[in-house]
Amino acid sequence: MMIVDATLPEEVGKNNTECIKHDRYETGTVVEYECNQYYILKESRRRICKTNGQWSGRNQFCEPGGKPSGIGKWPWQAAIYDIKNELLICGGALIREDWVLTAAHCLAVDGATRPRLKEDFLVYLGKHYRNDSFDDEFVENRKVSRVILHSGFNRYNYDSDIALLKLSHPVELTERVQLICLPTYQFLHFSEANLDNGNRGWVASWGANGSDILSDVLTEIEIPVLSNANCHRETIKRMGKGATQRLNSQSFCAGHDEEASEDFQMVCPGDSGNPMVFYTQALRQWQIEGIVSDTLSKGLCSRKRLGEYGIFTRVNRFLDWILRKIDDAR
């Protein structure tokens, strides 16, 4: 997950070392630098214009640090661990006391569409810190009794990238562990409205930041939805037709376009499976509308730019499947 916006004087980031230009500075001029909130200043905070016309020290830059969420702010957030490798591999959302919704590619055998063994996973709820040694008494963990991938999951284009984990036994609902609401057919129009072009939703994650470092704590971003038509057009213009093969009626785009002037935020490696949630004012509830599936551009988070969107599985297209699988398991 990356948040990028850093305001520094124009010398920074352009490999400029000369300070006496166009009579702008004089020998002995002192310049101090600072970064916007949630960014870390690298190199010295202060540079001096030396007698040789060069700035002292090395060029500064602002390293994105991500925006930590408040502890317990997203109480449905699940952390899915690979037990054997002791790694947090994906996120998910608690939709029933004993069911977590996530992305199919998180749970599939590498290079295949069949699920990994249930013994491979351990699920944490109420968690904030990546490091287990910081967990408190409000963190709960559960083994997994069933792993269910959608039968239509395609590992090449991530079609039907949705899955369910049945927990070994129900979690205890507390202030830190709560359910997220699913869309309903009765109020499907509210779900569709949440995903209108320009509407903003929230994604929380332990994924990579703009320095390609996995976050130590749960972080959050707020990003706008982009209509599929706009996403197709913008992505083809930027990356060519092949880049949009993973976008269809069962998914949607979210992220900032190339004209965004504000802090821009995007999904990054390590964000997979995490929910994109919206507050539905008419129903006075938070509900899950998307699951982080893929991005329209590959590579490191630090190399992503405006106009490179994330792809989310569109949850309201899979309501029948979700409810049927839960009922079948009773």
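Trainee: Hi! What counts as a pocket here?
Mentor: On a 1 Å grid over the protein atoms alone, a pocket is an open set of points where a 1.4 Å probe fits, with protein on both sides within 12 Å along at least five of seven lines; its lining residues have an atom within 4 Å of a point.

Trainee: And which residues lie nearest the centre of the second largest pocket?
Mentor: H105, A108, V109, D110 and R116 do, out of 13 lining residues. Mind that this is a predicted model: local features need pLDDT of at least 70 and side-chain atom pairs 80 or more, while totals for chains, interfaces and linings use all residues. Residues are numbered from 1 along each chain as its sequence is written, and side-chain values use heavy atoms, leaving out hydrogens and water.

Trainee: What does C90 pair with?
Mentor: C106, with 2.1 Å between the sulfur atoms. The link is left-handed, at -85° about the S-S bond. C90 sits in strand 7 (residues 87-96) and C106 in helix 1 (residues 104-107), so the bond ties together parts 16 residues apart in sequence. Helices (H or I, at least four residues) and strands (E, at least two) are DSSP runs numbered from the N terminus.

Trainee: Are C90 and C106 buried or exposed?
Mentor: Both are buried, meaning under 20% relative accessible area with a 1.4 Å probe, protein chains only.

Trainee: What about C231?
Mentor: C231 is joined to C253, S to S 1.9 Å. That link is left-handed too, at -60°. C231 is in helix 3 (residues 228-239) and C253 in strand 14 (residues 251-254), so parts 22 residues apart in sequence are tied together. C231 is buried at 0% relative accessibility, and C253 is buried at 0%.

Notes: Disulfide = S-S within 2.5 Å. Buried < 20%, exposed > 50% of the residue type's maximum accessible area, 1.4 Å probe, protein only.
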